[in-house]
Amino acid sequence: YDLQLFHDGGSSIIRNINDNASLYIQASSSGTNNIRCYPNGSTQLYHNGNLKLYTDSAGVRMNDSVKIEMGSSSDFNFWHDGSHSHIQHMNTGNLYVLCQSGQINFETGSETMCQMIPNGAVKLYHNNTSRLETTGAGVNITGATSAVNISHTGGHCLALSRSGKSM
């Protein structure tokens, strides 16, 4: 016998004892797979006959253009379409990125684009060089700066300097 179905007093078990054959679970008479289990290997989940999620030695995987949708109204989604990765937040509240320790970096793998440091600076980079950084005293800008219009209101004067010299 290649298939066993039994109850051990606490759990119901379906066991394929043929190590060379897969176990399929099909929920309709059409023969469409819902779950396929390979012996000592991958498990695959299907929807309407289409593979949606599977496991392999690296972990859990999904094919391109398969969304992970969360929330009862699918308010938060993320997916990869084969060319681009997407994070989508819609309809409700705010999107929070929480970091309990360390910092949040946006990087390409070879260069930094932005760093957000808890209780510290936010740094924006161009071509892996820090160009704008918040500080406890305000903002530091490195490099040439251009503006179409600068307006200032309040009792303090706007001071511009170059290498410590007023302009």
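Mentor: Start with Asp 64, which touches His 80, Asp 81 and Gly 82, leaving aside residues up to four places away in sequence. Contact here means heavy atoms within 4.5 Å.

Trainee: Before we go on, what kind of model is this?

Mentor: This is a predicted model: local features need pLDDT of at least 70, side-chain atom pairs count only at pLDDT 80 or more, and totals for chains, interfaces and linings use all residues. Residues are numbered from 1 along each chain as its sequence is written, and side-chain values use heavy atoms, with hydrogens and water left out.

Trainee: Fine. Where is Asp 64 found?

Mentor: Asp 64 sits in the loop between strand S7 (59-61) and strand S8 (68-70). Strands are DSSP runs (E, at least two residues), numbered from the N terminus.

Trainee: Is Asp 64 partly exposed or buried?

Mentor: Asp 64 counts as partly exposed because its relative accessible area is 48%. Buried means under 20%, exposed over 50%, and partly exposed in between (1.4 Å probe, protein chains only).

Trainee: Switching to charges. How many salt bridges does a search of the whole structure find?

Mentor: The search finds 1 salt bridge, taken as a side-chain nitrogen of Lys or Arg within 4 Å of a carboxyl oxygen of Asp or Glu. The partners are Arg 61 and Asp 56, at 2.7 Å from N to O. Arg 61 is partly exposed at 37% relative accessibility, and Asp 56 is partly exposed at 33%.

Trainee: And the rings? How many aromatic pairs?

Mentor: The count is 1 aromatic pair. Phe 76 and Phe 78 form that pair, which is tilted, at 5.9 Å centre to centre and 55° between the planes. Rings of Phe, Tyr and Trp (its six-membered ring) pair if their centres lie within 6.5 Å; planes under 30 degrees apart count as stacked, over 60 as edge-to-face and the rest as tilted.

Trainee: How accessible are Phe 76 and Phe 78?

Mentor: Phe 76 is partly exposed, at 24% relative accessible area. Phe 78 is also partly exposed, at 32%.

Trainee: Which residue lies over the face of Trp 79?

Mentor: Lys 67 does, at 4.4 Å from the ring centre. The rule asks for NZ of Lys or CZ of Arg within 6 Å of the ring centre and within 35 degrees of the ring normal.

Methods
Helix = DSSP H or I, 4+ residues; strand = E, 2+ residues; numbered from the N terminus.
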